[in-house]
Structure formats: C-alpha cells, structure tokens
Amino acid sequence: MTFSDETVMAYVDGELDDAARAALEVAMRTDTDLAERVARERTLRARLHSEFDPVLREPIPERLLAAANDTGAKARTGNLIWLKRSAARDWSWPQWSAIAASLVLGVLIAPMLRHQPTEGPLGIRDGKVLASGALAHALSEQLASNQLANAPVHVGISFLSRNGDYCRTFMLRDRSAVTGLACWEGGSWRLQALAATVQATSGSGEYQPAASSLPPAIQQSVDALIVGEPLDAKGEAAARGNRWRP
Amino acid sequence: MSPRNVSAELVTLLPRLRRFARALTRNLHDADDLVQVALERALARAQQLRPDAALAGWVFGILRHAWIDELRARARSERVFATEESGHNVGDAGQGAQAEMLSVQDAMGRLPEEQRLAVALVLIEGFSYKEAAHVMDVPIGTLTSRLARAREALQAMLGES
C-alpha cells in the first residue's frame, strides 16, 4: 500500500481518522521509506517548535497585558500607533525626535522662540530643543499632585523612560496652547514631542485640558518611552526631591 | 459589556499570540506591536463574539488581518521597516536553497505570506485544518495545498539534517 504525501502530512498533523491512522502506522513498521517520510515531517515540526516555542516562556510585556485588559481600547486606532512606533524604532530615538522637531515642531516652536528670545518656554542648544524659562522651572519644581489651576504651565504625568530618564508631560496655558513631553537629560529638560493641545469645548475662551486626553502624538511618544506605570504623587515628589536623577 | 470575560481569555492566549506573531514577522518588536493591535481590535469587537464561539480562532484571525493590513500599508508607503526579506524574496523559495543551509527563521522568511501563515497556524500553533482554514478564510483544500508547498520549500531550504 502506498501513501500519498498528503496522507503523510495529514498523519503528522493529526488529521487522519482512526482507521487511516492505524493503517499507516502498521505500514510504517515494515516500510522504511514511509517511516522516513514521516520522520522528515516530524523533524520539520520539531525544528519549527524549537525555533519559536521559547517565545512562550518569555515574560509578557506590560503593555500587552495592559492592552488585553483595556476596555477603553475601543476608541483607539491601534494601527496608526503601531506604524509610527515602527518608524521610531528604525531610526534611533534621538534621530526620530530631531526629525519630528524639524517637521512638526518647527511650526509650533518658531513663534515661541521668536516672541521672547530670552524668556520663551523653549530654546535650542547643540541642536537639541530644551525647555527654558517658566517651562523649565515648572518641569523641575511643579508637582502634578499639587499645582494651581491657573498656573501658566500644567504638568501632566511623570514617568521613568526606557532610557533611564525621568520624563514629564506638560501643557502651556498661553496662546501657543501646546502639549508636550520633555525628559531630564544631562541637566536640562529636553523636548521629545510637542503637539496642539486637545481642547475641551468649554466655551469659556480659555484653554483647558480635556480630562486625561493627551494629544495622540504625545500619547504615542509616552507609550514609546514609558517603562512601567506613571509615577504616583509619592513617586513624583520623591523624584523631584532627588532632582530628577533616577 | 460582553458577558464573557474576554480580557481574561485574551491574557491566557498572549503567549501563543506572541509566538504566532513572531513566526509571521520574525521580529520581536513588530510581533508585539502586532499583538497589541490585535488585542485592541479584539476588545473593540468583543460584542460581535458569539457567547459560545472559540476565542482563539477569532483572535488569531484578527491578528492575521492586522498583519495583512500592515503589509499593505508598507507596500503602499514603499517603506520597509524591519523585515526586509518579506518583500523581495517572496517567490524565491527553493531558489538557491541547495547552495546554503538556511536558519529556520530565514527559511520562514522566504516563504510566500500565505504559506507562512499556513505553517504558523498548523505546524507551530497546532490548529486543525478546519480551524486554520477558518482563520485564513480559505477552503480546507487551499490550506492543505499551501501547507504541502510550504513544507516542500522548507525541507528544501533547511536540508535533511
């Protein structure tokens, strides 16, 4: 009795019915060629498993556990986030932020730099965009857990980045109405991302943060950098107490 | 809210979803990004899931769709981010296989996408032909012929050792 390749594959894949499986197993005892064909298929399976099964034993990344438990994910367009992340990874993060700075930030930054060259919220040093003036002060001193409602800078979340730096989101409550992310690098708050603030439609004419809604570009930057959870009030105070040295 | 705890079921599937995504993308970060997209889409559509439906096949199907979407987006933008093999070597399976012994990852990378999916679902994830055909949205005969061609190509590329 001869067995087709299809039958051999179905046998290895557990797809044969009892009778066909028994017939093949009986034949294998005497048909060395058939036994060899089965062994070849089993070897292939084993090689694939030894290549990919170690993934099963890896710790599950926090972000995936969070995503599996996130009932609020409905509103998100996951694919967009993913594509941007891929882009960010292929270039190194500093390159990416430099490119983002030239493409996106330029539009937002230019007026701020020009308005108040000495006391504006942002400055450029060695090609890096750094927080300055009131923004730098607020990032270093202001606690999200304890800030005035009408402070010119509103500090959002603080977290430890995968580069080992403390990072904080902020919102400027001036005409620029931007939200940004800055990380403490080498003694300065270096800007990572900046975007137009998501505004609540309050009608009051003032810029107000829509509750807990970071602009998508900032959220993506946070997601790309954050390790673990944002700091709680205690962690934030402790980080400030240590002058943002991790 | 769905009466079944989809989140809890998804968490138990995470190791397998990551393995499946790794076999498709052959890149740690792309794979986890893909799983994340699939999780988000699955939760957004959890209402559509019938109470008695098998979650695994459903989620693997969502992940497969997300991957195809990503490949199309990459082709559209003509930018290839990470898996340079996925594009220009499609159809090369077999060619040059005699010349060198390839790693399992490289051999998988040289398979056409549909064949790689078939291998990942049946040979790695252990789905039945019926389940795998359902995930891939093709008749069982199409699945088995893809599997057969994929096996032949992999055996040729990997040698007999």
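Q: In chain B, what share of the contacts with a separation of 6 or more comes from residues 24 or more positions apart?
A: This is a predicted model, so keep in mind that everything here is computed from it. Take the contacts in chain B with a separation of 6 or more, then pick out those between residues 24 or more positions apart. Their share is 64%.

Q: Which pattern does chain B follow along its sequence?
A: Let's count the pieces: chain B has 8 helices and 0 strands. Reading along the sequence then gives α-α-α-α-α-α-α-α.

Q: How far apart are the end C-alpha atoms of helix α2 of chain B, and what span should its 17 residues have?
A: Helix α2 of chain B runs over residues 28–44. At 1.5 Å a residue, its 17 residues should span 24 Å. The end C-alpha atoms agree with that, being apart by 24 Å.

Q: How many of the 17 residues of α2(B) are buried?
A: Across the 161 residues of chain B, 44% count as buried. As for α2(B), the helix is mostly covered. Its buried residues number 14.

Q: Does A134(A) count as buried, partly exposed or exposed?
A: Buried would take 20 or more neighbours, and exposed 12 or fewer. A134(A) has 18 C-beta neighbours inside 10 Å, so it counts as partly exposed.

Q: Which residues does A134(A) touch, leaving out those up to four places away in sequence?
A: Being 38 residues apart in sequence, A134(A) and L172(A) are 9.9 Å apart in space, C-alpha to C-alpha. The residues that A134(A) touches are P121(A), P152(A) and V153(A).

Key: Residues numbered from 1 in each chain as written. Chains lettered and ligands numbered in written order. Predicted model: local features only at pLDDT ≥ 70, side-chain atom pairs only at ≥ 80, totals over all residues. Helix = DSSP H or I, 4+ residues; strand = E, 2+ residues; numbered from the N terminus. Expected span 1.5 Å × (residues − 1). Contact = placed C-beta atoms within 7 Å.
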